[in-house]
Amino acid sequence: MAIEVRIPTILRNYTGGAKSVEGAGDTLAGLFADLESRHDGLRERLMDGAGLRRFINVYLNDEDVRFLGGMDAPVKDGDTVTVLPAVAGGMH
Amino acid sequence: MLTISRALRAQIIAHARKDHPDEACGVIAGPAGTDRPERFIPMTNAERSPTFYRFDSMEQFRVWSEMDDRDEEPVVIYHSHTSTEAFPSRTDISYASEPQAHYVLVSTRDTGGAGDPEFRSFRIVEGDVTEEEVQISEGDAGMIRPDGGLDR
């Protein structure tokens, strides 16, 4: 068992084109560190310093991690983590 | 080139008018790989703002999961500008993250929500914007009444 991480189209150049990859960790931060060891540069696209980038949404199973403690959200084998860039814009 | 039915075009415009002066936003899903916009999905603008839009994060998750289950993709991603032209702003370009999508912009600035607004389509790939032709097809996704409204 591992944690399945679903990767959006725009970040699949970091995963060799894979739609989902597997990782391990006790927290979201740990999981991203584990992913970074195999997918160089991915973490930088997800995180801004120690926190999540403002226009990246990350879901643990079916909940937004911002409601679950952010990067400290606990994760475990069998979980599914989904990354979706926010759809956003404006007049300026 | 974007090919879109007259009925779907009318639905986008109706949504933009309804939410004016706030920006309206949404998606038209289609079968993956076909480039055919078919299923109209108006989204909540979580910002409820005349100058900014952002899909509600949980609604986006549900809609994206549903598209995945149905083997669809976001063929069109639309939003309105309510006091500027229907052209991608710097903000629109920097957050554009679906390179296969047609980014449709509607401007309600001149019409205040009445009349036929500007309706334009763009590709946004790695920060480069390319406008494309919009071709209207007489689809079967609804019937247009003589007054421009939509019967379904």
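The questions below take the labels one by one.

Author: This is a predicted model, in which local features need pLDDT of at least 70, side-chain atom pairs count only at pLDDT 80 or more, and totals for chains, interfaces and linings use all residues. Residues are numbered from 1 along each chain as its sequence is written, and chains are lettered from A and ligands numbered from 1 in the order in which they are written.

Reader: What makes β5(A) "largely enclosed"?

Author: A residue is buried if 20 or more other C-beta atoms, placed from the backbone, lie within 10 Å of its own; 12 or fewer makes it exposed, and in between it is partly exposed. In β5(A), four of the five residues are buried, so the rest of the structure largely encloses this strand.

Reader: How do you know that β5(A) and β7(A) pair?

Author: Two strands pair if DSSP finds at least two bridges between them. β5(A) and β7(A) have five, in the antiparallel sense. Within that pairing, A:Asn57 stands opposite A:Leu84. β5(A) also runs antiparallel to β6(A), joined by two bridges. There A:Leu60 faces A:Glu63. In the hairpin of these two strands, with two residues between them, A:Asn61 has a positive phi near 55°.

Reader: Why are β2 and β6 of chain A said to stand at the edges?

Author: The open sheet has five strands in the order β2-β1-β7-β5-β6 (chain A), with mixed pairing. β2 (20-23) and β6 (63-64) of chain A each have a single partner strand, so one side of each lacks a neighbour in the sheet. A parallel pair in chain A is β1 (residues 3-6) with β7 (residues 80-85), over three bridges. Here A:Arg6 stands opposite A:Thr82.

Reader: What is called a helix or a strand here?

Author: Both are DSSP runs, numbered from the N terminus: helices are H or I with at least four residues, strands are E with at least two. On that basis chain B has three helices and 11 strands.

Reader: Why do the buried residues of α1(A) line one face?

Author: Buried in α1(A) are A:Leu28, A:Leu31, A:Phe32 and A:Leu35. Seen down the axis, the buried residues of α1(A) fall within an arc of 95°, so they line one face of the helix. The arc is that of the directions from the helix axis to the C-beta atoms. Their cover includes β1, β2, β5 and β7 of chain A.

Reader: How many residues of chain B are in contact with chain A?

Author: Contact means that C-beta atoms, placed from the backbone, lie within 7 Å. By that test, 23 residues of chain B are in contact with 18 residues of chain A. α2(B) gives the largest share of chain B's side, five residues. That side divides into nine nonpolar, 10 polar and four charged residues. Strand β8 (residues 88-90) of chain A also pairs with β4(B), antiparallel, over three bridges. A:Gly90 is opposite B:Phe52 in that pairing.

Reader: What is the confidence in chain B?

Author: pLDDT is the predictor's confidence in each residue, from 0 to 100. Chain B has a mean of 90, and 89% of its residues reach 70 or more. Over residues 142-146 of chain B, however, pLDDT is below 50. The model scores ipTM 0.91 and pTM 0.88.

Key: Contact = placed C-beta atoms within 7 Å. Nonpolar A, V, L, I, M, F, W, Y, C, P; charged D, E, K, R; others polar.
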